[in-house]
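Visitor: I'm new to reading protein structures. Could you walk me through one, feature by feature?

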Amino acid sequence: MPLLLKPKSKLVMIGDSITDAERARPVGEGPFGALGKGYVAQVDALLNAAHPEHAIRVVNMGITRNTAADLAARWTSDVLELKPDWVSVMIGINDVWIRHMRPREPELHVELEDYEQTLDALVARTQPGVQGMVLMTPFYIEPNRQDRVRAHMDRFGGAVKRVATRHGTRFVDVQAAFDRVLEHLYPAAMAWDRVHPDHVGHMVIARAFLNEIGFEWPRGA
């Protein structure tokens with residue numbers, strides 16, 4: 001599959017702290033760490049090292065602690081007004097995490113149906129004006145699928161897949177990408193809290209994303 005991003009495409013990547021990764025404000029774009037220290041910077045590096053002639057622009061609009069509802073609240077300014085050609089979305093970890101970290105505050109909890117409806121509405125609003133969208137599942141760096149948080153995260157990942165199928169967007173199963181690595185690595189080797197990955201974990205995400213958009217390292221490069 002050839003690279004789906006056309007030359008001079010603008011890719012906006014939005015999400016929570018995993019996407020944010022200490023990016024520049026107000027817009028995460030440019031040199032010297034502006035894209036942060038995570039998978040967004042790795043995607044940019046690989047795309048532009050392998051295909052410098054394409055001059056692809058990558059913009060990081062992740063914000064730490066965001067939920068799907070937070071993305072919806074800032075979608076106009078942080079996505080639509082940037083006029084992207086492609087948009088990638090990875091959100092849901094905080095939607096799940098807050099229920100387990102603050103179990104006695106039900107008013108903060110996010111129901112699966114609300115999460116799916118929010119994501120569905122964002123895709124429906126955005127897809128007609130862009131060349132493509134990539135929906136990425138939230139993840140939990142834990143191989144035991146019976147773990148309470150892992151099982152909850154998998155249900156939210158299922159919602160992402162349903163939205164992607166309904167709208168025909170590209171879909172990245174980030175959890176599955178981590179599961180392959182977790183056959184050989186203990187979770188704490190990549191993330192002390194099973195949520196915020198090190199550079200290896202971020203490369204797992206970057207690789208899964210790039211595989212979905214047809215990235216291949218040119219022979220002889």
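Guide: Happy to. Keep in mind that this is a predicted model. Let's take the pocket, then pairs of helices, then a couple of backbone details.

Visitor: Which helix gives the largest share of the lining of the largest pocket?

Guide: That's helix 4, residues 93-101, with four residues.

Visitor: OK, now helices. At what angle do helix 4 and helix 6 pack?

Guide: For a helix pair, ask about the angle, the distance between axes and the handedness. Helix 4 and helix 6 (residues 148-167) pack at about 145°, and their axes are 10 Å apart. The crossing of helix 4 past helix 6 is right-handed. On the helix 4 side, the contact uses Ile93, Asp95, Val96, Trp97, Arg99 and His100, while helix 6 brings Arg148, Val149, His152, Met153 and Phe156. Sorted by type, the residues of this contact are six nonpolar, two polar and three charged.

Visitor: What about helix 3 and helix 5: how are they oriented to each other?

Guide: Start with the angle. Helix 3 (residues 68-78) and helix 5 (residues 112-126) pack at about 25°, with axes 9 Å apart. Angles under 35 degrees count as roughly parallel, so helix 3 and helix 5 are roughly parallel to each other. Their crossing is left-handed. Helix 3 touches through Ala68, Ala69, Leu71, Ala72, Trp75 and Thr76, and helix 5 through Tyr115, Thr118, Leu122, Arg125 and Thr126. That contact splits into seven nonpolar, three polar and one charged residue.

Visitor: And why are helix 2 and helix 8 called oblique?

Guide: The axes of helix 2 (residues 39-50) and helix 8 (residues 199-212) come within 8 Å and cross at roughly 55°. That angle is why helix 2 and helix 8 are oblique to each other. Helix 2 passes helix 8 in a right-handed crossing. From helix 2, the contact takes Tyr39, Gln42, Val43, Leu46 and Leu47; from helix 8, it takes His199, His202, Met203, Ile205, Ala206, Phe209 and Leu210. Here the tally is nine nonpolar, three polar and no charged residues.

Visitor: You mentioned backbone details. Which residues does a cis peptide bond join?

Guide: For this one, check omega. The cis bond joins Arg25 and Pro26, with omega about 0°. Pro26 sits in the loop between helix 1 (17-20) and helix 2.

Terms used
Residues numbered from 1 in each chain as written. Predicted model: local features only at pLDDT ≥ 70, side-chain atom pairs only at ≥ 80, totals over all residues. Heavy atoms only, no water. Helix = DSSP H or I, 4+ residues; strand = E, 2+ residues; numbered from the N terminus. Axes fitted to C-alpha atoms, helices over the stretch in contact; angles between N-to-C directions. Left-handed = near helix turned anticlockwise from the far one by under 90°. Contact = heavy atoms within 4.5 Å. Nonpolar A, V, L, I, M, F, W, Y, C, P; charged D, E, K, R; others polar. Parallel < 35°, antiparallel > 145°, perpendicular 65-115°, else oblique.
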